[in-house]
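User: I am new to reading protein models and would like to learn how to describe some of their features. Could you take me through them step by step?

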Amino acid sequence: MQTKRPLVVVDEAIPFLNGVLDPWCDVRALPGAAVAAADLRDADALVVRTRTRCDAALLGGSSVRLVVTATIGFDHIDCAWCAAHGIEVATAAGCNARGVLQWVAGVLALDARRRGWRPAEKCLGIVGVGHVGELVRQYAEAWGFRTVCCDPPREAREHSGFCSLEAVAEAADVLTLHTPLDATTRHLVDARLVARMKRDALLVNASRGGVVATEAVLDSPLRFAFDVWEGEPAIDPRALERAEAATPHIAGYSVQGKANATAAAVRAIARRFGLPLGDWYPPEALRPVPRPIGWEEMCATIDRYFDVEAETQALKRAPEAFERMRDAYRYRAEYF
């Protein structure tokens with residue numbers, strides 16, 4: 001008796017995925033933003049990016065029992081509803097951590113060049129010390145920054161001495177955000193927190209736009225560098241004009257980050273359906289080779305891989321092209 005092949009609906013824009021599942025699954029590839037409930041009635045699994053809102057409206061009445069997102073974020077998925085209805089959710093946690101690290105490095109190098117400071121003169125505050133935040137901490141300390149870190153969930157689990165959000169905000173010359181977006185982190189940076197920060201501090205956000213209350217930042221003298229924006233793809237023109245660095249949600253868009261994300265998605269499908277793809281990695285992508293890098297070398301080389309100043313000017317010239325820039329972005333190579 002022939003076993004039914006799983007039907008997997010996938011976002012057609014997920015890189016490296018074309019043809020990988022086809023020998024074992026029926027694959028239906030669709031634009032992520034256009035996936036509708038009717039497309040999922042007889043599907044067994046759904047593989048998405050952030051453009052597909054996965055909730056009761058989309059999944060109710062479907063046969064989907066696995067939702068995989070090829071992203072680290074999962075605020076586009078109603079995880080509670082999925083759990084209550086027997087739908088497994090898998091993410092690509094940590095897939096693009098080094099890509100985001102190198103985006104942060106580019107922002108730091110740009111600000112140091114413009115304002116003439118050295119890491120030993122600065123305190124770097126890190127909010128969210130997970131996959132990305134921990135990498136930022138390790139490299140920042142190696143570069144000479146003093147770091148202060150806040151991570152309430154980790155502190156509750158580990159009791160390892162993380163600081164309060166308020167203490168980090170008050171101490172930081174640069175405050176960088178690496179949290180998910182949920183009920184506890186929405187508008188985490190609000191008027192009260194901004195008031196505690198140094199007047200010339202730099203706020204760096206490559207997490208989710210909703211973590212920062214845009215109005216609170218605009219009502220302050222705070223400097224800021226954003227890759228993510230409240231209400232994106234629309235951007236408040238006042239925020240865009242004032243931003244020290246501005247990019248269209250591409251901080252994690254490295255070749256290796258995208259390859260890692262797709263590999264994680266394939267592994268999730270393989271586990272669910274018993275496919276021989278547990279060790280699959282895109283053959284056209286070089287696996288990352290992490291290495292230490294000094295501050296001077298990083299500052300001298302980062303623009304070859306990620307020219308944050310050029311990216312900023314491009315977005316400021318054409319903010320209406322946010323989605324086109326993101327979709328057509330040329331993935332950069334990780335080099336440390």
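This is a predicted model: local features need pLDDT of at least 70, side-chain atom pairs count only at pLDDT 80 or more; totals for chains, interfaces and linings use all residues.

User: How do I read the packing of two helices, and at what angle do the axes of H3 and H11 cross?

Analyst: One looks at how the axes approach and then at the residues that meet. Here the axes of H3 and helix H11 (residues 295–305) come within 9 Å and cross at roughly 100°, and therefore H3 counts as roughly perpendicular to H11. The residues of this contact divide into 8 nonpolar, 2 polar and 2 charged. On the H3 side they include Gln102, Ala105 and Leu108, which belong to a group that meets residues of H11 including Trp295, Met298 and Ile302.

User: Is Gln102 buried or exposed?

Analyst: Gln102, which lies in helix H3 (residues 97–115), is buried, because its relative accessible area is 3%, and the cut-off for buried is under 20%. Leaving aside neighbours within four places in sequence, Gln102 is in contact with Ile302, Phe306, Ala333, Glu334, Tyr335 and Phe336.

User: How are aromatic rings described, and how many aromatic pairs does a search of the whole structure find?

Analyst: A pair of aromatic rings is described by the distance of the centres and the angle of the planes. In this structure the search finds 13 aromatic pairs, and one aromatic cluster is formed by Trp117, Tyr139, Trp143, Phe145, Trp295, Tyr305, Tyr335 and Phe336.

User: Which rings have the charged end of Lys258 or Arg332 sitting over them?

Analyst: The charged end of Lys258 sits over the ring of Tyr253, 3.8 Å from the ring centre, while the charged end of Arg332 sits over the ring of Phe306, 4.8 Å from the centre of that ring.

User: What should I look for in the backbone angles?

Analyst: Most residues other than glycine have a negative phi, and most peptide bonds are trans. Phe16, however, has a positive phi near 70°, and Phe16 is placed in the loop between strand S1 (7–11) and strand S2 (26–30). His187 likewise has a positive phi, of about 55°, and is found in the loop between strand S8 (174–177) and helix H7 (191–196).

User: And where is Pro233 found, and what is the peptide bond from Glu232 to Pro233 like?

Analyst: Pro233 lies in the loop between S10 and H9, and the peptide bond that leads from Glu232 to Pro233 is cis, with omega near 15°.

Terms used: Residues are numbered from 1 along each chain as its sequence is written. Side-chain values use heavy atoms; hydrogens and water are left out. Rings of Phe, Tyr and Trp (its six-membered ring) pair if their centres lie within 6.5 Å; planes under 30 degrees apart count as stacked, over 60 as edge-to-face and the rest as tilted. A charge sits over a ring if NZ of Lys or CZ of Arg is within 6 Å of the ring centre and within 35 degrees of the ring normal. Helices (H or I, at least four residues) and strands (E, at least two) are DSSP runs, numbered from the N terminus. Buried means under 20% relative accessible area, exposed over 50%, partly exposed in between (1.4 Å probe, protein chains only). Contact means heavy atoms within 4.5 Å. Axes are lines fitted to C-alpha atoms, for helices over the stretch in contact, and angles run from 0 to 180 degrees between N-to-C directions. Angles under 35 degrees count as roughly parallel, over 145 as roughly antiparallel, 65 to 115 as roughly perpendicular and the rest as oblique. Ala, Val, Leu, Ile, Met, Phe, Trp, Tyr, Cys and Pro count as nonpolar, Asp, Glu, Lys and Arg as charged, and the others, Gly among them, as polar.
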